[in-house]
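User: I would like to go through the terms used for this model and see what backs each one. Please set each value against its cut-off.

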Amino acid sequence: MWGICGGSGSGKSYLTAQLVEALGADITVMSFDSYYRDLTHLSFAERCEVNYDHPDSLEIDLLVAHLAALHRGETIHAPIYDFASHNRATAVEVIEPRPLILVEGILLLATPELREQLDYVIYLDAPRDLRLERRVKRDVLDRGRNEEDVRHNFERVVAPMHDLFVEPHRDAADLVVQVDEDRQVLVRGLVERAPRPV
């Protein structure tokens, strides 16, 4: 079981997609973001004010239980998170166990219960300015957010939470990848290391 972590905008989803393309049916991907707590009891305006970069925003116990089930060879029903509404969708995702279970998310190393389940963790290290610009692009294009709001939230919440819960755990990763490293070489090395069917 592997983890990919790093700050928001560090390239976790991109590296995950490259590994999925390379490994195909041998990999199952779990997103920590899918486990944001169900906030149906809050109004949309109240949900917009929640600090989603703090560990308390995530249902960690459920993810830990789901990872343990996958490790035992069981199928799980993972929540689906709707970023436009800041809430869980009513549907779930059926996820099958495969030789490599990969979890990606910013707070993996800040969560001891998760870190204990991971055999290998990759930390993507990217400068603050680059992470900000990538987040702006993603949130505006993919999530329908206002650019000014994205930048304000980054300075007010995302960057401080990164400094508290992400960056301090960088050295606990098994592999730290700098943003300028050759990704093709990285992916080839990871594919060679990845567990395969018996």
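Analyst: The model is predicted. The largest cavity is a place to start: its lining consists of Gly7, Ser8, Asp53, Ile106, Arg131, Val158, Met161, His162 and Val166.

User: What makes this space a cavity, and how much space lies in it?

Analyst: A cavity is a set of points where a 1.4 Å probe fits but cannot get out. About 30 Å³ of space lies in the largest cavity, and the search of the whole structure finds one cavity of 30 Å³ or more.

User: Which helix gives the most to the lining of the largest cavity, and which classes does the lining have?

Analyst: Helix 6, residues 147-166, gives the most, with four residues. By class there are four nonpolar, three polar and two charged residues in the lining of the largest cavity.

User: What makes the other space a pocket, and how much space lies in the largest pocket?

Analyst: A pocket is an open set of points, whereas a probe in a cavity cannot get out. The largest pocket holds about 1,200 Å³ of space. Its lining has 44 residues, and Ser8, Arg135, Arg138, Asp139 and Arg143 lie nearest its centre.

User: Which helices supply the lining of the largest pocket?

Analyst: Helix 1, helix 2 (44-48), helix 5 (128-143) and helix 6 supply at least two residues each. Helix 5 has the largest share, eight residues. By class, the lining of the largest pocket has 14 nonpolar, 14 polar and 16 charged residues.

User: Why is strand 6 called largely enclosed?

Analyst: Buried means under 20% relative accessible area. Six of the six residues of strand 6 (residues 120-125) are buried, so strand 6 is largely enclosed by the rest of the structure. Both directions are covered: Tyr120, Ile122 and Leu124 point one way, Val121, Tyr123 and Asp125 point the other way, and all are buried.

User: How do you know that strand 6 pairs with strand 1 and strand 7?

Analyst: Two strands pair if DSSP finds at least two bridges between them. Strand 1 (residues 2-6) and strand 6 have five bridges, in the parallel sense. Strand 6 and strand 7 (residues 175-178) have four bridges, also in the parallel sense. Both counts meet the cut-off of at least two, so both are pairs. For example, glycine 6 stands opposite leucine 124, and isoleucine 122 has leucine 175 of strand 7 as its bridge partner.

User: Why is glycine 6 called buried?

Analyst: Glycine 6 has a relative accessible area of 0%, which is under 20%, so glycine 6 is buried. Glycine 6 lies in strand 1. Leaving aside neighbours within four places in sequence, glycine 6 is in contact with Lys12, Gly105, Ile106, Tyr123, Leu124 and Val166. Glycine 6 and isoleucine 106 are 100 residues apart in sequence, and their C-alpha atoms are 5.2 Å apart in space.

User: How do you know that the buried residues of helix 7 are on the same side?

Analyst: In helix 7 (residues 183-193), Arg183, Leu186, Val187, Leu190 and Val191 are buried. They cover an arc of only 130° around the axis, which puts them on the same side of helix 7. Gln184, Glu192 and Arg193 are exposed on the other side, where exposed means over 50% relative accessible area. The buried residues of helix 7 pack against strand 1, helix 1 (12-23), strand 6 and strand 7.

User: Is histidine 86 buried or exposed, and what is its phi?

Analyst: Histidine 86 has a relative accessible area of 11%, under 20%, so histidine 86 is buried. Histidine 86 lies in the loop between strand 3 (76-82) and strand 4 (87-95). Not counting residues up to four places away in sequence, histidine 86 touches Leu39, Phe44, Arg47, Cys48, Tyr52, Tyr81 and Arg145. Its phi is positive, about 55°, although histidine 86 is not a glycine. Most residues other than glycine have a negative phi.

User: Why is leucine 107 called buried?

Analyst: The relative accessible area of leucine 107 is 2%, under 20%, so leucine 107 is buried. Leucine 107 is found in the loop between strand 5 (100-104) and helix 4 (112-115). Leaving aside neighbours within four places in sequence, leucine 107 is in contact with Phe32, Asp53, His54, Pro55, Leu58, Phe165 and Val166.

Conventions
Residues are numbered from 1 along each chain as its sequence is written. This is a predicted model: local features need pLDDT of at least 70, side-chain atom pairs count only at pLDDT 80 or more; totals for chains, interfaces and linings use all residues. Side-chain values use heavy atoms; hydrogens and water are left out. On a 1 Å grid over the protein atoms alone, a cavity is a set of points where a 1.4 Å probe fits but cannot get out, and a pocket is an open set with protein on both sides within 12 Å along at least five of seven lines; lining residues have an atom within 4 Å of a point. Grid points are joined across faces, edges and corners, and a volume is the space filled by probe spheres set on the points. Ala, Val, Leu, Ile, Met, Phe, Trp, Tyr, Cys and Pro count as nonpolar, Asp, Glu, Lys and Arg as charged, and the others, Gly among them, as polar. Buried means under 20% relative accessible area, exposed over 50%, partly exposed in between (1.4 Å probe, protein chains only). The arc is that of the directions from the helix axis to the C-beta atoms. Contact means heavy atoms within 4.5 Å.
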